[in-house]
Amino acid sequence: MLELVPITETIGTEVRGIDVTDDLSDRDFERIYQAWIDTTLLLIRGQNMTPEQHVAFTKRFGEVFTYTRSQFSENDHPEILILSNITRDGKPIGSPYSGRVWHTDGHYLTQPPAGSMLYAREVPPTGGDTWYANMFAAYEALPEAVKERIDDLKVVISRVQSRPYNYPDRPAPTPEERAEWIDVPQPLVRVHEVSGRKALYAGGNVPWRIEGMPEEESAPLVTFLQEFSVQPRFTYRHKWQVGDIVLWDNRSAMHRATPYDQENHRRLMHRTTISGQQPPFGPEGLS
Ligand SMILES: O=C(O)CCC(=O)C(=O)O
Ligand SMILES: [Fe+2]
């Protein structure tokens, strides 16, 4: 029987009593979907999915993104992104460095993904955990004066500067990529398109600044918001077991991967990504 169990006081729901490869009734799915929207993260343990089943389950939450240009997608499954240190024919089959700093996926895209579903296939005995922070809770805990100050601010994100920082194992952007990777504006406070709740949209792995604000004012505010939002009271550290699925709502969560002994242990994660809309601007998210 489907059971929904809170993970911490502020973030996450563990979904028990389901096999995601079975047909879930619309009623059960609706409860799971609502828990995802409300608590930003779902954990489902003990699953055994083929790539097809992973994609099919992800599709219930939205349109699944296809990695047409990634060197790290699974053979014949462009929807499955591989995060791993395991090598295939002497070549890495994934980037083991992805996400080592707090971030929200695709902050630098005009249409960032709505969510990501990570599935653990192989895990090291220690390390390789993933941290998550609930950005609704972080926003709501800010002093009223800070909320008023930041509610209508826009930030500008530079994708070009992000590449070497995020992926030390990948080459710097090519001139073509540089030309294509434009600076992207995002709201600093994001109104969730399903619940209407406000979240701090302050992801950190891509350099960003606040539009129209002098650097000496913007930089300390950015640092304050980033540090504020990852306090233990808003976060959950997930220690992976094989068969775990974690689905996070990228509109209301930040996350961060932690290191592990890459020389001696294997970690293999399959990720699907749910496409998203352009974050709405304006105090009510209407414009
Ligand atoms: O490997 C992980 O634990 C998370 C990596 C990450 O940032 C992601 O999948 O978006
Ligand atoms: Fe990520």
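**Basis.** I worked from a predicted model in which local features need pLDDT of at least 70, side-chain atom pairs count only at pLDDT 80 or more, and totals for chains, interfaces and linings use all residues. Residues are numbered from 1 along each chain as its sequence is written, chains are lettered from A and ligands numbered from 1 in the order in which they are written, and side-chain values use heavy atoms, with hydrogens and water left out.

**Metal site.** I looked up the iron ion (ligand 2) and found it coordinated by His 103 (NE2), Asp 105 (OD) and His 255 (NE2), at 2.1 to 2.2 Å. Donors here are N, O and S atoms within 2.8 Å of the metal (3.2 Å for Na, K and Ca); water is not among the atoms, so sites may look incomplete. Along the chain, the donors of this iron ion are spaced as H-x1-D-x149-H. Asp 105 lies in the loop between strand 7 (91-92) and strand 8 (115-122), and His 255 in strand 17 (residues 253-257), so the pair ties together parts that are 150 residues apart in sequence. Helices (H or I, at least four residues) and strands (E, at least two) are DSSP runs, numbered from the N terminus. I noted both Asp 105 and His 255 as buried, a term for under 20% relative accessible area, with exposed over 50% and partly exposed in between (1.4 Å probe, protein chains only).

**Strand 17.** I found four of the five residues of strand 17 buried. Strand 9 (residues 130-134) pairs with strand 17 in the antiparallel sense over five bridges; pairing requires at least two DSSP bridges between two strands. In this pairing I located Ala 133 opposite Met 254.

**Aromatic pairs.** My search of the whole structure returned eleven aromatic pairs. Rings of Phe, Tyr and Trp (its six-membered ring) pair if their centres lie within 6.5 Å; planes under 30 degrees apart count as stacked, over 60 as edge-to-face and the rest as tilted. Tyr 33 and Trp 36 have ring centres 5.6 Å apart and planes at 65°, so I recorded the pair as edge-to-face. Both residues are buried. Phe 65 and Tyr 67 are also edge-to-face, because their centres are 5.0 Å apart and their planes at 70°. Phe 65 is partly exposed at 36% relative accessibility, whereas Tyr 67 is buried at 13%. I also traced a cluster in which ring pairs link Phe 29, Tyr 33, Trp 36, Phe 57 and Phe 61.
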